[in-house]
Amino acid sequence: MATVAGIVPRPVHPTGVWAWLTTIDHKRIGVLYGVTSFLFFLLGGLEALIMRWQLMRPEQAVVSPEVFSQLFTMHALTMIFLGVMPLSAAFFNLVVPLMIGARDVAFPRLNAFSYWVFLFGALLLQSGWFLGGSPNAGWFAYAPLTESSFNAGDGMNFYALGLGVLGVSSVAAALNFIVTIINMRSPGMTLMRLPVFIWMTLVTSFLLITAFPVITAGLIELYFDREFGMNFFNVAAGADVLLWQHLFWVFGHPEVYILILPAMGIVSEIIPTFSRKPLFGYHVIVLSGIIIGFMGWAVWSHHMFTVGLGPVANSVFTITTMFIAVPTGIKIFNWMGTLWGGSISFKTPMLFALGFIAMFIIGGLSGIMHSISPSDAQQQDTYFIVAHIHYVLFGGSIFAVFAGIYYWFPKASGRLLNERIGQINFWLVFIGMNLTFFPMHFLGMDGMPRRQVTYETNMGWDLWNMVATMGALVLAAGIISFVHNFFWSLRKGEIAGDDPWDGRTLEWSISSPPPEYNFAVIPTVNGRDAFWDIKMAAGEGQAVGEQSDVDPSSIHMPSPSYWPLVAAFGLGMAGYMLMYSYIGAAIGVVITIAGIAGWSMEPATAPSEEH
Amino acid sequence: MIGKHRAKLLPAVLLFLMGVALVVGCTPSHPMSTFDARGPVAQVQLDLFVTLFWIVAVVFVIVEGFLLYTLIRFRRKPGDGIPKQTHGNNKLEIALTIIPSILLLILAVPTISAQFYIADPPEGERLDIQVVAHQWWWQATYPESGVVTANELHVPIGMPVKVELQSNDVLHSFWIPKLAGKMDMVPGKTTHMWFQADHLDGDPQTSERDAYYGQCAEFCGQSHSWMRFKVFVDTAEEFEAWQENQLADSVVPTGQEAKAGATLFVGKGCIACHTISGVPGAVGVRGPDLTHVGGRSTLAAGILAMNESNLKDWLEDPEEVKPGNIMSREAAVYTNAEFALTGDETNKLVAYLQELK
């Protein structure tokens with residue numbers, strides 16, 4: 001069965017925009033994820049800056065309460081679902097096959113599909129700004145404020161449909177990476193020789209496929225309440241609105257581990273490389289990651305300590321939450337054990353990785369304070385929580401993202417990011433971040449609730465709000481310096497070569513950027529830190545590996561395809577049209593099915609290729 | 001690269017600044033400060049927080065300090081070879097797992113004990129209050145005496161108060177930081193919390209006797225930031241007097257303006273949403289009970305001091321004062337041009353409301 005009745009053949013060596021639209025190469029998909037999600041990260045940052053401007057002084061009216069509620073909702077949704085998660089996906093894409101000695105992921109077209117669905121889901125979620133109002137009930141959207149009776153307008157529909165579509169992207173990608181990691185490791189790479197980044201990707205992927213169905217159920221219930229007058233969260237009809245909270249947080253807590261485990265994986269690669277020592281306590285770090293993955297399911301009601309579940313439930317969740325600090329803490333000790341006795345270089349990737357450790361310690365400690373349910377009754381829903389969130393998500397995940405970008409940008413582009421600008425970038429972001437979020441601990445304990453559009457001057461919150469806003473400006477300057485570094489280095493960065501960092505893992509054994517097929521010869525691995533072992537065994541000056549002996553044209557890579565884009569487009573269209581026209585939605589579904597059909601029936605290679 | 005010396009100094013400077021900030025930041029003198037525990041529930045919660053804070057501070061100093069020390073001692077120097085490739089130390093791992101676990105187990109004891117303590121008031125005499133949250137005001141009933149009021153509570157000093165919490169619409173949260181941690185108000189359910197106020201004065205930093213500040217602490221819609229309330233702590237005698245006054249019918253207006261205002265209150269449709277006991281037909285429950293509104297210290301749910309000027313602002317343009325509020329969307333005087341208030345009419349209404357002590 002040929003391609004679409006032979007009308008639009010499967011692309012062969014496409015160029016330009018068409019190449020990007022039809023790519024199934026994990027490296028390009030990683031770049032697509034990275035650039036798209038970084039743009040959304042900037043958007044989320046802009047939303048934050050507007051909020052900080054509004055809160056800089058008491059009793060201001062820079063934005064209306066309605067707009068402010070959309071800002072804090074979209075800031076969180078953008079940062080979590082369109083920022084950190086796809087940035088992690090960018091790294092999974094770019095790095096996982098390279099680290100395990102594979103030529104691509106298990107399902108390259110599914111990989112592309114995940115990206116395109118992400119893009120359409122992201123656009124759907126953001127459409128509210130232009131189409132009548134964004135979601136405005138906070139990122140955890142507690143019922144019944146989200147019901148139509150309290151929330152007319154389309155905003156919460158964008159929420160339900162946008163996140164629903166994004167969920168498809170995440171689950172598809174997670175399945176792909178699980179299969180890739182289990183099945184496509186190079187010979188000799190047993191599970192206990194996997195780089196920790198791969199392990200964290202694996203655990204994260206399992207969390208994704210198990211957690212997303214839970215919120216999808218909640219989103220469907222919310223959507224059905226709003227659109228079809230069902231009563232899942234309708235108190236008058238006898239519903240228990242806490243059902244939403246349970247569904248949300250059963251997803252939501254594993255979700256925060258989805259946000260942090262990849263970051264921990266990145267840091268676990270960078271610390272050893274820049275200390276020139278293997279990761280201390282590899283088994284323990286891997287095991288603790290797996291344990292966190294399991295324990296993360298047992299703590300969700302710590303988000304509900306003040307909801308009135310009763311002292312028994314609160315006590316149980318206090319205990320489980322306190323104990324999840326143990327596997328988390330052990331990672332920190334092991335990273336420090338890696339540093340101890342090492343030869344530590346403070347290049348920018350390492351600065352961000354060390355910053356991650358320093359900031360995550362603070363975020364983790366405030367997390368332990370939250371776990372104590374009686375005193376959490378004072379902290380819940382205040383800026384103390386906002387402080388905690390941002391120490392772990394910015395000081396944690398985002399710092400690790402920057403560390404990863406500075407670390408792997410040379411591999412992806414062939415050029416190093418400028419080191420001097422990188423140092424400036426780091427210090428501005430580090431100082432800015434602390435100036436912005438540390439005072440929020442004080443604001444919270446001083447009684448400032450979350451999600452306040454304004455506050456009275458006699459509350460005593462003026463000073464720290466001003467400081468936080470100043471900090472946000474410093475932070476913004478740091479981010480701008482990064483953007484500058486990125487564009488400058490693409491053109492003028494120092495040529496990286498294969499192995500600019502004296503790396504320990506397989507991606508550094510091939511060229512920067514790698515050829516389409518990654519490895520001419522799939523490497524055989526004899527231990528952990530596979531590349532380091534190869535280098536040490538080879539000794540100084542000897543050529544590493546026989547990559548150059550193979551004729552590249554003999555390596556058969558899958559051809560690009562446009563069907564993932566078609567199927568993703570159909571899904572995005574269906575999502576949109578559910579808001580406005582059921583016929584349109586049906587057409588979207590038909591396009592999706594057609595896309596999947598074409599995808600499954602297109603020939604493995606374009607007929608004109610000769611192999 | 002930025003000078004190595006400066007780079008090393010920077011984290012130390014930042015940590016010092018953090019310490020200074022901590023000292024400055026933890027001031028009990030602000031109206032909603034959780035550090036100014038003025039009753040046993042807030043005290044237990046604060047004690048637990050402070051205990052945890054010191055543990056966390058010690059851990060922080062040790063761990064971050066160790067990190068800094070490691071970075072300085074093992075920084076790469078010219079001529080460094082490849083360091084010893086150690087892989088781990090099982091004994092250390094076990095110790096570093098067991099020690100935190102034991103610490104947490106120890107912490108769990110006072111934590112759970114406190115959790116049960118704060119859940120229900122002790123046996124014995126207590127005052128019961130029922131608070132129903134509305135978007136965006138607080139309805140309060142004292143079941144034993146029958147007092148019905150809004151947005152301001154009075155409680156006697158030194159007596160446990162059990163507050164039953166409900167919601168008329170969406171999630172809200174009842175929070176008086178100086179007296180106790182918060183408890184959410186869940187539509188369709190009844191939750192409860194308790195507190196005891198051991199001090200008459202809500203703010204020892206000022207010379208007058210102050211009320212305690214409360215605020216809604218669960219996002220509940222547009223006017224969430226303007227949903228506040230006050231708690232007054234009375235002596236036993238003051239509390240009796242307050243209750244008696246609350247139970248009495250509304251004051252019959254005496255002044256010319258106030259009498260005209262009373263008529264307007266009915267004629268302009270205010271009675272559709274507000275109750276004023278003793279005024280026939282004024283049995284609305286959409287908005288707060290206004291029987292004794294003139295005697296309250298604030299209006300519009302704790303956001304403005306109760307005085308002539310603020311009352312005028314509120315009646316002239318409630319949307320300006322409290323964006324998103326219900327009154328400006330539903331009251332006839334704002335939605336129907338025929339009912340609109342003239343400046344003169346506003347003054348009369350203000351005069352009337354001020355007399356309702």
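Let's start at one residue of chain B: His292(B) sits in the loop that runs between α5 (256–267) and β11 (298–299). Helices here are DSSP runs of H or I with at least four residues, strands are runs of E with at least two, and both are numbered from the N terminus. His292(B) counts as buried because its relative accessibility is 4%. Buried means under 20% relative accessible area, exposed means over 50%, and partly exposed is in between, with a 1.4 Å probe and protein chains only. Apart from neighbours within four places in sequence, His292(B) is in contact with Asn245(B), Gln246(B), Leu247(B), Ala248(B), Asp249(B), Leu356(B) and Lys357(B). Contact means heavy atoms within 4.5 Å.

Before going further, a word on what you are looking at. This is a predicted model, in which local features need pLDDT of at least 70 and side-chain atom pairs count only at pLDDT 80 or more, while totals for chains, interfaces and linings use all residues. Residues are numbered from 1 along each chain as its sequence is written, chains are lettered from A and ligands numbered from 1 in the order in which they are written, and side-chain values use heavy atoms, with hydrogens and water left out.

Now step back to chain B as a whole. Chain B has 10 helices and 12 strands. Its radius of gyration is 28 Å, well over the 21 Å that the globule rule gives for 357 residues, so chain B is more spread out than a compact globule. The radius is taken over C-alpha atoms, and the rule is 2.2 Å times the number of residues to the power 0.38. Along the principal axes, the C-alpha trace of chain B spans about 95 × 55 × 40 Å. Of its 357 residues, 51% are buried. Among contacts in chain B between residues at least 6 apart in sequence, 65% join residues at least 24 apart.

Two local spots in chain B are worth a visit. The peptide bond from Gln135(B) to Trp136(B) is cis, with omega near -5 degrees, and Trp136(B) lies in the loop between β1 (127–134) and β2 (137–142). Further along, Asn151(B) has a positive phi of about 65 degrees although it is not a glycine. Asn151(B) is in the loop between β3 (147–150) and β4 (152–156), and with a relative accessible area of 8% it is buried.

Chain A has another make-up: 18 helices and zero strands. For 611 residues, a compact globule would have a radius of gyration near 25 Å, and the 24 Å of chain A agrees with that. Its C-alpha atoms fill a box of roughly 75 × 65 × 45 Å along the principal axes. Of the 611 residues, 65% count as buried. Among contacts in chain A between residues at least 6 apart in sequence, 82% join residues at least 24 apart.

Where do the nonpolar side chains gather? The largest nonpolar core holds 288 residues, and Phe81(A), Phe356(A) and Phe174(B) touch the most other members. Helix α3 (residues 65–99) of chain A gives the most to this core, with 22 residues. A nonpolar core is a set of buried Ala, Val, Leu, Ile, Met, Phe, Trp, Tyr and Cys residues joined through side-chain atoms within 4.5 Å. Beyond its neighbours within four places in sequence, Phe174(B) has contacts that include Val131(B), Trp138(B), Leu153(B) and Phe229(B).

Finally, a few residues of chain A. Tyr383(A) lies in helix α13 (residues 383–413) and is buried, with a relative accessible area of 6%. Not counting residues up to four places away in sequence, Tyr383(A) touches residues including Arg52(A), Leu55(A), His441(A) and Arg450(A). Ala102(A) is in the loop between α3 and α4 (108–126), and its 4% relative accessibility makes it buried. Ala102(A) and Asn183(A) are 81 residues apart in sequence and 9.8 Å apart in space, C-alpha to C-alpha. Chain A also has a cis peptide bond, from Ala143(A) to Pro144(A), with omega near 0 degrees; Pro144(A) is in the loop between α4 and α5 (155–183). Asp529(A), a residue other than glycine, has a positive phi near 50 degrees, and its place is the loop between α15 (462–492) and α16 (530–538).
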